Amino acid sequence: MEKTPLYDALTSFAAGHPLRMHMPGHKGKALPEHPYTGVYALDFTELPPTGNLFDGGGAIGEAEELWAEVFHMDSCLFLTGGSTQGVLSALTLACRPGEEILLDRGCHRSAFHALALLDLHPIFVERPWLEEGGVTGPIHPKTVEALLDAHPNVKTLCITSPTYYGVLSDIPALAELMNARGGVLVVDGAHGAHLPFLGTDHFSAAHLAVVSTHKTLPAPGQSALLLANPPFTQAQLRRAGSIYGSSSPSYPMMAALDLCRAHMAGEGGEAYRRTAAEVAALRLEFPALTDAHAPLDPTRLTLLSPDGFGAQGALEEQNVWPEMADGGHVVLILSGADSPADLTRLRTALARVPLGPCPGYPPPPPMAPQVLSPRQALFAPAEELPLDRAAGRIAAQQIAPYPPGVPVAAPGQVIEKKTIAYLEEIGYNTRQVISAAPLCVEESR
């Protein structure tokens with residue numbers, strides 16, 4: 001039977017009916033008729049029997065070590081602030097304030113927030129455009145190598161893999177490049193927590209990796225993992241994680257992480273593998289991204305449609321709710337929790353929606369000039385106004401429409417007329433209100 005050290009420690013302590021003269025205020029007693037009675041019993045604070053997330057060791061540390069083994073990585077830190085906490089922590093470990101960083105153009109907004117908080121200066125890594133699929137492809141090692149040659153002082157590469165559409169990059173090849181330069185590879189793998197249970201050793205070569213267990217595994221919202229290999233230690237993970245995480249992390253959430261791993265080691269993993277086989281069949285039955293387009297997450301179903309939003313609406317009318325849609329795609333997240341009956345229901349619904357070739361979208365334009373650093377843009381005096389009236393101003397936020405789901409303008413960049421024209425061409429609502437600073441803001445700020 002799989003070990004669950006943290007869950008066992010909490011249930012054992014609760015079973016002794018301790019007199020709780022400590023936080024939290026419910027004292028382990030549920031509200032009358034509350035549906036989550038068991039959660040209250042396991043909701044403790046930092047005590048000798050329960051341990052302290054940011055002190056290390058104990059039952060929490062043992063549970064974290066078991067997760068590290070799953071990913072074939074050296075150490076793990078439980079996160080109760082989602083992958084956002086993990087990305088902020090990872091870049092705090094990888095970079096020194098003021099440094100340049102190679103940043104995947106399609107990174108999550110948490111990475112852009114880290115740039116501002118740490119005063120980092122991005123050099124954007126472009127992805128190839130997959131014309132037939134209408135999405136960006138994997139990060140190419142040769143693209144990274146050329147950027148490292150042009151910027152020899154850069155020591156950190158941060159990428160997203162898998163992407164929202166399920167595209168995977170070659171982590172071992174990119175890690176090898178960074179190792180050769182004495183650098184660090186940070187992977188935002190928020191959507192890939194399930195991959196080790198499918199036999200895909202996707203993250204183990206990275207120096208730092210972040211995964212959201214709640215996105216694709218049976219774990220509660222906001223639960224995530226920060227994983228590391230040398231030179232980073234578990235003590236360093238704890239120190240960085242404590243900067244961005246609550247000093248009162250949720251014990252039920254951490255216990256759920258412990259239970260989730262044990263479940264996935266057995267019947268949960270078997271169920272996920274069955275789902276992967278079903279997704280492979282669905283990709284043949286319906287127009288979708290396949291491994292012929294790019295290496296893909298085996299359980300992410302990205303459907304192609306000449307009218308992605310219309311397809312989304314047609315599914316929702318049948319009470320089937322996709323993860324997201326854009327003008328040419330509908331993205332479905334399937335997991336081991338989807339039963340045969342669920343999949344039959346999905347097939348029936350998909351037969352009634354407009355699917356077909358993705359419209360011929362142009363790739364996103366080159367990034368505009370960076371006139372302020374992300375930090376300067378964050379703190380610059382900004383105005384809220386419609387995008388179509390913002391030409392010539394400086395973006396104080398990401399402008400990242402779908403498709404293709406990558407920033408067309410990043411914080412600190414000039415919003416050019418051609419940027420707005422591109423957004424209009426792909427059907428983006430340019431009347432949307434954004435935050436923008438005047439071009440005359442002093443760059444020394």
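Strand E15, residues 433–437, is largely enclosed by the rest of the structure, because four of its five residues are buried. The model is a predicted one.

**Strand E15 and its partners**

- Strand E13, residues 383–386, is joined to E15 by four bridges, and the two run antiparallel.
- In this pairing, Glu-384 stands opposite Ser-435 of E15.
- Strand E14, residues 394–395, is joined to E15 by two bridges, and this pair also runs antiparallel.
- Here Ala-395 stands opposite Ala-436 of E15.

**Leu-157**

- Leu-157 belongs to strand E6, which covers residues 156–160.
- The relative accessible area of Leu-157 is 0%. Buried means under 20%, so Leu-157 counts as buried.
- Neighbours within four places in sequence aside, Leu-157 is in contact with Leu-102, Val-125, Val-144, Leu-174, Met-178, Val-184, Leu-185 and Val-186.
- Between Leu-157 and Ala-175 there are 9.0 Å in space, taken from C-alpha to C-alpha, while in sequence the two are 18 residues apart.

**Ser-204**

- Ser-204 sits in a loop that runs between strand E7 (184–188) and strand E8 (208–211).
- A polar contact of 2.9 Å links the side chain of Ser-204 to the side chain of Asp-201.
- Setting aside neighbours within four places in sequence, the residues in contact with Ser-204 are Phe-71, His-72, Met-73 and Asn-229.

**The second largest pocket**

- The space in the second largest pocket is about 280 Å³.
- Its lining is made up of 13 residues. Those that lie nearest the centre of the pocket are Val-320, Trp-321, Ile-333, Asp-338 and Leu-346.
- By type, the lining of this pocket has eight nonpolar residues, four charged residues and one polar residue.
- Two elements, strand E12 (329–333) and helix H13 (340–350), each provide at least two of the lining residues.
- Helix H13 gives the most to the lining, with four residues.

Note on methods: Residues are numbered from 1 along each chain as its sequence is written. This is a predicted model: local features need pLDDT of at least 70, side-chain atom pairs count only at pLDDT 80 or more; totals for chains, interfaces and linings use all residues. Side-chain values use heavy atoms; hydrogens and water are left out. On a 1 Å grid over the protein atoms alone, a cavity is a set of points where a 1.4 Å probe fits but cannot get out, and a pocket is an open set with protein on both sides within 12 Å along at least five of seven lines; lining residues have an atom within 4 Å of a point. Grid points are joined across faces, edges and corners, and a volume is the space filled by probe spheres set on the points. Ala, Val, Leu, Ile, Met, Phe, Trp, Tyr, Cys and Pro count as nonpolar, Asp, Glu, Lys and Arg as charged, and the others, Gly among them, as polar. A polar contact is a pair of N or O atoms within 3.5 Å; within protein, one must be able to donate a hydrogen and the other to accept it, and residues adjacent in sequence count only if both atoms are side-chain atoms. Contact means heavy atoms within 4.5 Å. Buried means under 20% relative accessible area, exposed over 50%, partly exposed in between (1.4 Å probe, protein chains only). Two strands pair if DSSP finds at least two bridges between them.
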